[in-house]
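Hi,

Here is the structure I promised to hand over. Have a look at it, and then read on for what turned up.

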Amino acid sequence: MTASAALAWLDAAADTRRRAGLHRELLPRTPSAQVVDLASNDYLGLVRHPEVLAGAITALRRWGGGATGSRLVTGTTAEHELLERELAEFVGADTGLVFSSGYAANLGAVTALAGKDTLVVSDAGCHASLVDACRLSRSRIHVAPHNDVEAVATALAARTEPRALVLTDSVFSAEGDLAPLLALHRVCREHGALLLVDEAHGVGVRGAGGRGLVHEVGLAGEPDVIVTATLSKSLASQGGIVLADTRVREHLIDTARTFIFDTGLAPAAVGAARGALKVLRAEPERARAVLDRARHLASMTDAVTPESAVVSVILGDPHVAAGAARECRDRGVHVGCFRPPSVPAGTSRLRLTARANLTAGDLELIDRVLTDVLTGARS
């Protein structure tokens with residue numbers, strides 16, 4: 001046996017992925033890249049905004065490069081607590097708790113609120129972080145068809161567990177469609193279940209001034225609604241947060257493993273998120289601009305009229321989708337490419353994300369490039 005024999009299976013697995021069109025490569029950005037960005041989640045166009053940079057720099061100088069420990073030891077600063085209060089007030093929640101990422105926030109919240117005495121009902125379209133949280137929860141899991149409220153109600157009515165937790169995204173990351181939050185909350189309330197809503201793609205885009213879909217439909221502050229969100233999309237930073245009733249926050253501090261055992265979010269990231277929130281408060285029209293740009297992108301591509309920043313252009317074959325994304329990038333437009341397992345087999349696509357600060361010149365280039373590339377890809 002050679003030293004590399006134990007890794008031989010990786011070669012076969014890599015070859016299988018390549019033949020299926022599912023090989024991925026890292027594409028490092030350069031600071032001066034002259035490419036129109038339709039791939040990132042910087043929906044509000046704030047990642048280089050002076051307020052965001054100033055917030056990060058101020059926090060960096062005040063607190064240093066890292067959090068130095070977990071939130072329960074040395075990793076909580078005044079900056080963290082200010083962000084928790086400011087973002088909770090913005091979205092209409094009782095309180096907030098910052099995690100090191102949106103992924104960690106979902107893992108921590110679900111595993112701490114579920115367990116062997118809990119039925120977890122999860123939408124089939126939920127983000128991977130919620131899927132992984134289900135796997136780690138030790139609960140019985142029921143995966144409901146996408147946006148099927150009746151299926152959720154049936155699962156809740158038939159449960160034998162004393163507690164139940166229903167999981168959904170507010171805006172689904174691949175399709176960009178919205179969850180029926182009011183109907184879901186109604187069946188949760190009828191059956192004594194908690195509703196956890198991942199607002200990663202909702203905050204900054206939906207609701208009055210970007211307060212999110214939960215706020216938009218009138219569920220903000222309901223004690224049986226728990227909101228998770230990321231700071232890495234509309235808030236142009238990094239990290240995650242759980243926004244909920246004070247009792248939930250206290251429970252997570254005591255029991256959420258991704259909070260207790262993970263190093264706290266770096267202060268610079270917290271400061272950047274606070275800067276982005278300050279801009280959003282002062283310029284609520286940015287949220288409307290995102291949806292306007294998204295509808296413009298959809299009209300260029302014959303895609304379904306979007307309800308969020310996400311425009312999904314389904315091409316089917318992963319090789320075709322990857323090739324179209326490459327051609328767009330070579331011509332100056334960077335688009336996302338979603339292939340299995342991010343989306344179901346046969347639905348590989350270009351995923352375009354609108355930004356509030358796309359200019360008329362940007363849109364002209366995008367229209368020209370996408371028209372040519374999609375004509376070839378669809379033929």
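S5 and strand S6 (residues 194-198) run parallel and are joined by five bridges; helices (H or I, at least four residues) and strands (E, at least two) are DSSP runs, numbered from the N terminus. Within that pairing, Asp 169 has Asp 198 in S6 as its bridge partner. Before going further: this is a predicted model, in which local features need pLDDT of at least 70 and side-chain atom pairs count only at pLDDT 80 or more, while totals for chains, interfaces and linings use all residues. Residues are numbered from 1 along each chain as its sequence is written, and side-chain values use heavy atoms, with hydrogens and water left out.

Strand S3 (residues 118-123) is also bridged to S5, again five times and in parallel. Leu 119 is bridged there to Ala 164 of S5. How many residues of strand S5 (residues 163-169) are buried? Six of the seven are, so S5 is largely enclosed by the rest of the structure. (Buried means under 20% relative accessible area, exposed over 50%, and partly exposed in between, with a 1.4 Å probe and protein chains only.)

Now for the sheet as a whole. It is open, has seven strands and mixed pairing, and its order is S2-S8-S7-S6-S5-S3-S4. Two strands count as paired if DSSP finds at least two bridges between them. The edges are taken by strand S2 (95-99) and strand S4 (140-144), each with a single partner strand, so one side of each has no neighbour in the sheet. From one strand to the next, the twist averages 20°. An antiparallel pair in this sheet is strand S7 (residues 225-230) with strand S8 (residues 240-244), joined by four bridges. Thr 230 has Gly 240 in S8 as its bridge partner.

Helix H5 (residues 128-136) covers S3, S4, S5 and S6 and runs at about 160° to S5. Helix H7 (residues 181-190) does this for S5, S6 and S7, at about 155° to S6. For such angles, axes are lines fitted to C-alpha atoms, for helices over the stretch in contact, and angles run from 0 to 180 degrees between N-to-C directions.

On to helix pairs. Two packed helices are described by the angle between their axes and the distance between the axes. H5 packs with helix H4 (residues 102-113) at an angle of about 35°, and the two axes are 8 Å apart. Their crossing is right-handed; a crossing gets that name if the near helix is turned clockwise from the far one by less than a right angle, and is left-handed if anticlockwise. On the H4 side the contact (heavy atoms within 4.5 Å) includes Tyr 103, Leu 107 and Val 110, and on the H5 side Leu 130, Ala 133 and Leu 136 are among the residues. The residues of this contact comprise eight nonpolar, three polar and one charged. Here Ala, Val, Leu, Ile, Met, Phe, Trp, Tyr, Cys and Pro count as nonpolar, Asp, Glu, Lys and Arg as charged, and the others, Gly among them, as polar.

Another pair is helix H3 (residues 78-91) and helix H11 (residues 267-282), whose axes come within 9 Å and cross at roughly 30°. That makes H3 roughly parallel to H11 (angles under 35 degrees count as roughly parallel, over 145 as roughly antiparallel, 65 to 115 as roughly perpendicular and the rest as oblique). The H3 and H11 crossing is left-handed. Their contact holds nine nonpolar, two polar and five charged residues.

There is also an open sheet of four strands, ordered S1-S10-S11-S9, with mixed pairing. Strand S1 (36-38) and strand S9 (310-316) are its edge strands, each pairing on one side only. Neighbouring strands are turned against each other by 30° on average, direction ignored. S1 pairs in parallel with strand S10 (residues 333-338) over three bridges, and Asp 37 is bridged to His 334 in S10. Helix H13 (residues 318-330) lies across S9, S10 and strand S11 (348-353), at about 165° to S10. Helix H14 (residues 360-378) lies across S1, S9, S10 and S11, running at about 20° to S9.

Gly 336 is buried, with a relative accessible area of 11%. Beyond its neighbours within four places in sequence, Gly 336 contacts Leu 38, Ala 39, Arg 349, Leu 350 and Arg 351.

Cheers
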